[in-house]
Amino acid sequence: MTNDAMNANHAPRRRWLGVLTRATRPELEDALALVGDLPALEHVRPSEPGMVMLRGRVGGTGDAFNLGEATVTRCALRVGSGALGVGYTLGRDRRKAELVALFDALLQDETRQAHLQQTVLDPLARQQAAQRDAASRSAAASKVEFFTFVRGEA
């Protein structure tokens, strides 16, 4: 399988993991109430905090350098006998990592996917887009443009 084929197959999962990771824990807890009955959960890797090295690039495209470390919490769980869900989140919020992993596993079930997409992911994605837009507008409102007069030789 080529990288393009693998990326095409993983694009929806990459999208929903991004939306879930950017959501707050209270938002995920509220969304869990919409799911209803859950099958048995098996913790393959219980929620645990750890550290990751953040890398940067000079000028965005130049040489890579170590920027610093960040705390990340990860979790992996299996819902029933179904798919394995994974969750990673910045910080030490174990419950949030577990909720992300739970939703990831549930979204891999094609019988639940459309319902969860409509009731959980789409509202969260719209809310996150509105927050990004508001932050962008706020930053644009404070933008200062500088210009220089050219002194002419008369």
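This is a predicted model: local features need pLDDT of at least 70, side-chain atom pairs count only at pLDDT 80 or more; totals for chains, interfaces and linings use all residues.
At what angle do helix 2 and helix 4 pack, and how far apart are their axes?

Helix 2 covers residues 25–35 and helix 4 covers residues 110–141. Their packing angle is about 155 degrees, and their axes are 11 Å apart. Since angles over 145 degrees count as roughly antiparallel, helix 2 and helix 4 are therefore described as roughly antiparallel to each other. Their crossing is right-handed.

Which residues bring these two helices together? From helix 2 come Glu27, Leu28, Ala31, Leu34 and Val35. They meet Arg112, His115, Leu116, Thr119, Val120, Leu124 and Gln127 of helix 4. Sorted by class, this contact of helix 2 with helix 4 has 7 nonpolar residues, 3 polar ones and 2 charged ones.

Let me now turn to the other helix that packs against helix 2. Helix 3 spans residues 94–107, and its axis comes within 10 Å of the axis of helix 2, with a crossing of roughly 40 degrees. The two helices are therefore oblique to each other. The crossing of helix 2 and helix 3 is left-handed. On the side of helix 2, the contact is made by Arg25, Leu28, Glu29, Ala31, Leu32 and Val35. On the side of helix 3, Arg95, Lys96, Leu99, Val100, Leu102, Phe103 and Leu106 take part. The residues of this contact divide into 9 nonpolar and 4 charged, with no polar ones.

In general, side chains of opposite charge can pair when their charged atoms come close. Here, arginine 95 forms a salt bridge with glutamate 29, and their closest N and O atoms are 2.9 Å apart. Because arginine 95 lies in helix 3 and glutamate 29 in helix 2, the pair ties together parts that are 66 residues apart in sequence. The structure holds 8 salt bridges, this one included.

Strand 2, residues 64–79, pairs with strand 1 over 14 bridges in the antiparallel sense. Within this pairing, proline 49 has threonine 73 of strand 2 as its bridge partner, and glutamate 48 stands opposite arginine 74 of strand 2. Strand 1 and strand 2 form a hairpin with 6 residues between them, and glycine 59 in the turn has a positive phi of about 70 degrees.

Strand 2 is also joined to strand 3, by 7 bridges, and these two strands run antiparallel. Here cysteine 75 has glycine 87 of strand 3 as its bridge partner. The hairpin of strand 2 and strand 3 has 4 residues between the strands, and glycine 80 in this hairpin takes a positive phi near 60 degrees.

Definitions and conventions: Residues are numbered from 1 along each chain as its sequence is written. Side-chain values use heavy atoms; hydrogens and water are left out. Axes are lines fitted to C-alpha atoms, for helices over the stretch in contact, and angles run from 0 to 180 degrees between N-to-C directions. Angles under 35 degrees count as roughly parallel, over 145 as roughly antiparallel, 65 to 115 as roughly perpendicular and the rest as oblique. A crossing is left-handed if the near helix is turned anticlockwise from the far one by less than a right angle, and right-handed if clockwise. Contact means heavy atoms within 4.5 Å. Ala, Val, Leu, Ile, Met, Phe, Trp, Tyr, Cys and Pro count as nonpolar, Asp, Glu, Lys and Arg as charged, and the others, Gly among them, as polar. Two strands pair if DSSP finds at least two bridges between them. A salt bridge is a side-chain nitrogen of Lys or Arg within 4 Å of a carboxyl oxygen of Asp or Glu.
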